[in-house]
Structure formats: structure tokens, C-alpha cells
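Subject: Structure handover

Hello,

Here is the structure I promised to pass on. Please open it next to this email and follow along.

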Amino acid sequence: MRRRPVAIALASLTLSTVPIAASHAAPPDGGSRLCTWGGTPAAPTGTVTFDPGNTNTPSAGPIAVHAWGPLEGPGCQGTMDFNGSARSGATCLLTIFEGSVHGVPGVRRLFGPGLGPQVHEFLYDRQGNIVGSDQPLVKASGNSAPNSNGPDCTTPEGFRRAPFSSPVQFYR
């Protein structure tokens, strides 16, 4: 019985050392461009919300997730808006995101896992082709109300809102 918690802890430690933010599918023609979504880690300007709040207890159903922020960089402008969900079973430690993307020509959906405050998502076009990736980093500490902080994961209300930033790589 003691093996299961130890295995979970080891798996979590192993996953937390994987460089999620550095992994992505290689662009087929080398014609990629890099932009920012929601500012930088030092100055995050994006906002993400979870309803109901994300906790340390696996969710019984999907959690509504909305993330938005300015998209800036070469050929990038406006606001990138994600409206989707965290799959059933989501926790503050591990979440799978999926949903629609608005405000970015040629991008229709995103899908990907989050491990703690780090996320890695692929961006898809209307035909289901991968056209880019993003690696949001949620600011999980030092936030003022109405934003959440990591310890909120232990409360019944959960982690409900926070600033974030993300590099975004478009493959074409």
C-alpha cells in the first residue's frame, strides 16, 4: 500500500524535471516565428481563469478554462483568446487542456498538458494540422486579489485566477 504514494511522488518528480517548455514539434520548413502571449515571466500580462477552481483533489468533471492576453512579436498582434476546459481528473499538479483559440489567423484549437504552473500545448488549424505550440507559465505565487496563489489549491474554492505569460512558436 505504501508503494503507490512513493510511485506517484517519483513520477511527479520525474515529470517536473522534464523540460516541458523546451519541447515542441519541429517546423517542417524552418519558417517559424516566435511571439509572446501575455507578456513575459518577469511581467505577465495574460490572465487565466478556472471555474470551478482547480484543487489538489482530482476534478469530478471538466473545469472551464479561459485564458487571454496580448499577442506580440513579428507578425503577431491583437489578443489571443483560449476558451476551453481542463479534462475531468484535473488537479493543480496535472491538467490536460483543450479548446478553441480566437484572435490568431490560422489557429483554431489547442491541446496539451500542464504540470504545475508549466503548460505545453500544440496549436491546430481547421484541418487538424499542428501549426504551432505555446508554453504558458502561470504565476502561482506573489499574486494579489483577485488572483490565486499556489496554497489556494488546498482550499475548497481552489486556484481560480492568475497572471501568465507564454512564448508562442508558429511553424508557418
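First, the ground rules. This is a predicted model, in which local features need pLDDT of at least 70 and side-chain atom pairs count only at pLDDT 80 or more, while totals for chains, interfaces and linings use all residues. Residues are numbered from 1 along each chain as its sequence is written, and side-chain values use heavy atoms, with hydrogens and water left out. Strand labels (E, at least two residues) are DSSP runs numbered from the N terminus.

**Disulfides**

A search of the whole structure finds 2 disulfides. The cut-off is a pair of cysteine sulfur atoms within 2.5 Å. Numbering the bonded cysteines in sequence order gives the pairing 1-2, 3-4.

Cys35 is buried at 2% relative accessibility. Cys76 is buried too, at 8%. For these labels, buried means under 20% relative accessible area, exposed means over 50%, and partly exposed is in between (1.4 Å probe, protein chains only).

Cys92 is joined to Cys153, S to S 2.0 Å. This pair links distant parts of the chain: Cys92 is in the loop between E6 and E7, Cys153 in the loop between E12 and E13, 61 residues apart. The torsion here is about -95°, so the disulfide is left-handed. Cys92 is buried, with a relative accessible area of 16%. Cys153 is buried at 10%.

**Salt bridges**

The structure holds 2 salt bridges. Each needs a side-chain nitrogen of Lys or Arg within 4 Å of a carboxyl oxygen of Asp or Glu.

Arg160 pairs with Asp51, the closest N and O atoms being 3.6 Å apart. Arg160 is in strand E13 and Asp51 in strand E4 (residues 46–54), so the bridge ties together parts 109 residues apart in sequence. Arg160 is partly exposed at 36%. Asp51 is partly exposed at 47%.

Glu98 pairs with Arg87, with closest N and O atoms 3.0 Å apart. Glu98 lies in strand E7 and Arg87 in the loop between strand E6 (79–86) and E7, so the linked parts are 11 residues apart in sequence. Glu98 is partly exposed at 23%. Arg87 is partly exposed at 38%.

**Strands around E7**

E6 and E7 pair in the antiparallel sense over 6 bridges. Pairing requires at least two DSSP bridges between two strands. Ser85 stands opposite Glu98 in E7. On to E8 (residues 109–115): 7 bridges join this strand to E7, and the two run antiparallel. Gly99 stands opposite Leu110 in E8. E7 and E8 form a hairpin with 6 residues between them, and Gly103 in the turn has a positive phi of about 90°.

Ser100 is also in E7 (residues 94–102). Its side chain makes a polar contact with the side chain of His102 at 3.2 Å. A polar contact is a pair of N or O atoms within 3.5 Å; within protein, one must be able to donate a hydrogen and the other to accept it, and residues adjacent in sequence count only if both atoms are side-chain atoms.

**Core**

Which residues of the largest nonpolar core touch the most other members? They are Trp37, Val48, Leu71, Met80, Phe97, Leu123 and Phe170, out of 29 residues. The largest share of this core, 5 residues, comes from E13. Such a core is a set of buried Ala, Val, Leu, Ile, Met, Phe, Trp, Tyr and Cys residues joined through side-chain atoms within 4.5 Å.

Val168 is in strand E13. Val168 is buried, with a relative accessible area of 0%. Leaving aside neighbours within four places in sequence, Val168 is in contact (heavy atoms within 4.5 Å) with residues including Cys35, Trp37, Leu71, Met80 and Leu123.

Thr154 sits in the loop between strand E12 (137–138) and strand E13 (159–170). Is Thr154 buried or exposed? At 63% relative accessibility, Thr154 is exposed. Its side chain reaches the backbone oxygen of Pro151 at 2.7 Å. Thr154 and Asn54 are 100 residues apart in sequence and 9.3 Å apart in space, C-alpha to C-alpha.

Best wishes

Note on methods. Helices (H or I, at least four residues) and strands (E, at least two) are DSSP runs, numbered from the N terminus.
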